[in-house]
Amino acid sequence: MTSPLYVTARLREAVRVLTADLHAAADLLRTAADVTLLGHVNPDADALGSALALGLALRKRGATVRVSFGPPAEVPDSLRCLDPAGLVVPAADVPAAPELLVALDAGSAARLGWLADRVGTSGQVLVVDHHASNTRYGTHHVVDDTAEATAVLVLALIDELGIPLDPDIARCLYAGLMTDTGSFRRATSATHRTAARLVEAGAEPAVLARELMDAHPFAWLPMLARVLGRAELEQAAVGGRGLVHTAVTMADMTGVRLEEVESVVDILRATSEAEVALVIKEMAPGEWSGSLRAKSAVDVRVVAAGMGGGGHRLAAGFTTTGTAEDVVNRVREMLRQPPVIASQAPRTRSRS
Ligand code: 5GP
Ligand code: MN
C-alpha cells in the first residue's frame with residue numbers, strides 16, 4: 001500500500017522536475033533564431049495546434065519558424081483553419097540539419113514519420129509531450145503525462161517566455177485542449193480555467209467545434225451506415241466487460257476523408273455494453289491502423305503497445321498487417337485478461 005506521505009513527496013518531486021525542465025526549455029527558446037516544429041504523423045488538432053501555437057509565439061519574438069509533419073503531405077482539411085499565417089511547410093522543405101527541433105505530441109522519434117531522422121541531425125531537440133510512454137529522445141524535455149493535452153504544456157512554455165496570447169495562438173491551443181479532452185468530457189476545473197483563458201484571448205468555441213469535429217460531407221452518412229451496420233458486440237470479451245468492433249475497408253473509404261473515417265470510433269465507444277471499442281482502418285491493402293478506446297477500467301495503451309503502437313490509457317492506437325479477422329483476433333486475445341487500470345495516486349490533470 002502506498003502511503004499518502006510518499007505520494008505527496010513523489011508528486012512534489014515531479015512538479016520540481018517539470019518546473020526545472022520548463023525553465024531550461026524556455027531558456028533554449030528565448031534565444032533561438034531558427035526553430036523547426038514537428039507534430040506526429042497524421043497530426044491531430046493537439047499535435048498541429050501545439051506546433052503552430054508555439055511557432056506563432058516564437059515568430060512574435062523574432063525567430064524564423066516552420067511547422068511540418070508527414071505523412072500525409074498536406075494539412076488535413078479540418079485543421080486548415082489553424083494555419084491562416086501559412087507556417088506549415090512540406091516535409092521536403094524541412095532543413096536537413098535544423099538548428100533547433102521541437103517535437104510536439106510525439107511519444108517517440110518514430111512517431112515523426114518522414115522527419116524522424118531530423119532527431120539525429122538537429123543541433124538541439126526539445127520534446128514537448130503528454131504520453132506516458134514518451135521515450136525522452138531529445139536533448140531537452142517538457143514531458144508530463146498528467147497534462148490533458150500537449151497544448152497545455154505549450155501554454156505553460158509561452159507563459160514562461162512571457163509572450164502574450166493572441167487570437168491565432170489561442171485558437172490553436174483551444175483546438176488541442178478541446179479535442180484531446182473529448183470535448184471537455186475528461187476535464188478538471190483546471191482544464192476549464194485554461195479554456196476560459198483561451199476564449200478570453202480570442203478562441204471561438206462554436207466555430208472551432210464545427211470546423212474540427214462537426215463538418216462532414218454527405219458521403220459520411222452512407223459510409224457510417226455500412227461500417228456501423230457491420231459492428232459486432234462481443235459481450236464475453238475483455239474478461240466479460242464487453243468489446244465492440246468494426247472495420248473500415250479501403251472500399252468504405254472511397255469518397256470520404258480521413259476525418260470521416262476517424263469519426264467512427266467516437267460513435268462506437270458510446271456502446272453501453274462494451275468497456276472497449278476497436279475500429280480497424282485499412283490504410284493500404286492488408287495494412288490496418290487500429291483505434292482503441294476504453295471507458296474507464298481497462299488500459300488500452302498496454303494492448304496497443306502489444307500490437308506495436310501506443311497512446312494513452314483510455315485512447316490508443318497501432319498499425320499492423322494481416323486480414324481484418326486476424327487483427328481483431330489478436331486484439332481480442334490480448335484483451336482476454338485485460339490490463340485493468342489500478343486505483344492509484346491522485347492524478348490532478350490526467351487525460352486518461
Ligand atoms: P487514434 O486512435 O485517435 O489514432 O489515436 C489515439 C491515441 O493513440 C493518440 O493519442 C496517439 O497518441 C496514439 N496512437 C495512435 N496510433 C498510434 C501508433 O501507431 N503508435 C503509437 N505509438 N501511438 C499511436
Ligand atoms: Mn495529444
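Modeller: Start with a cut-off: buried means under 20% relative accessible area, exposed means over 50%, and partly exposed lies in between. Keep in mind that this is a predicted model.

Biologist: Why is Ser183 called partly exposed?

Modeller: Its relative accessibility is 33%. Buried needs under 20% and exposed needs over 50%. Ser183 therefore counts as partly exposed.

Biologist: Where is Ser183, and what is its phi?

Modeller: Ser183 is in the loop between helix 5 (167-180) and helix 6 (189-200). Its phi is positive, about 55°, although Ser183 is not a glycine.

Biologist: What makes Asn42 partly exposed?

Modeller: Asn42 has a relative accessibility of 41%. The loop between strand 1 (34-39) and helix 2 (45-60) holds Asn42.

Biologist: Which residues does Pro71 touch, leaving out those up to four places away in sequence?

Modeller: Val41, Asn42, Pro43 and Trp114. Contact here means heavy atoms within 4.5 Å. Pro71 and Pro43 are 28 residues apart in sequence, yet their C-alpha atoms are 8.6 Å apart.

Biologist: Is Pro71 buried or partly exposed?

Modeller: Partly exposed, because its relative accessible area is 30% and buried requires under 20%. Pro71 sits in the loop between strand 2 (64-68) and strand 3 (100-104).

Biologist: What is the omega of the peptide bond from Gly70 to Pro71?

Modeller: Near -5°, and the bond is cis. The peptide bond from Pro71 to Pro72 is cis too, with omega near 0°. Pro72 is also in the loop between strand 2 and strand 3.

Biologist: Turn to helix 12. Which of its residues are buried?

Modeller: Helix 12 runs over residues 324-334, and its buried residues are Val327, Val328 and Val331.

Biologist: How do you know on which side of helix 12 they lie?

Modeller: By the arc they cover around the axis, only 95°. The arc is taken from the directions from the helix axis to the C-beta atoms. That arc puts them on the same side of helix 12.

Biologist: What covers those buried residues?

Modeller: The cover includes strand 7 (243-248), strand 8 (276-284) and strand 9 (287-294). Helix 11 (300-306) and strand 11 (315-321) are also part of it.

Biologist: Now the whole chain. How many helices and strands does it have?

Modeller: The protein chain has 12 helices and 11 strands.

Biologist: What makes the chain as compact as a globular protein of that length?

Modeller: Its radius of gyration is 20 Å. The globule rule gives 20 Å for 352 residues. The two values are close, so the chain is as compact as a globular protein of that length. The C-alpha trace spans about 55 × 55 × 40 Å along its principal axes.

Biologist: How many of the residues count as buried?

Modeller: Of the 352 residues, 50% count as buried. The accessible surface comes to about 15,300 Å², and 55% of that belongs to carbon and sulfur atoms.

Technical notes. Residues numbered from 1 in each chain as written. Chains lettered and ligands numbered in written order. Predicted model: local features only at pLDDT ≥ 70, side-chain atom pairs only at ≥ 80, totals over all residues. Heavy atoms only, no water. Buried < 20%, exposed > 50% of the residue type's maximum accessible area, 1.4 Å probe, protein only. Helix = DSSP H or I, 4+ residues; strand = E, 2+ residues; numbered from the N terminus. Rg over C-alpha atoms; globule rule 2.2 N^0.38 Å. Areas by Shrake-Rupley, 256 points an atom, 1.4 Å probe, with all protein chains shown as cover.
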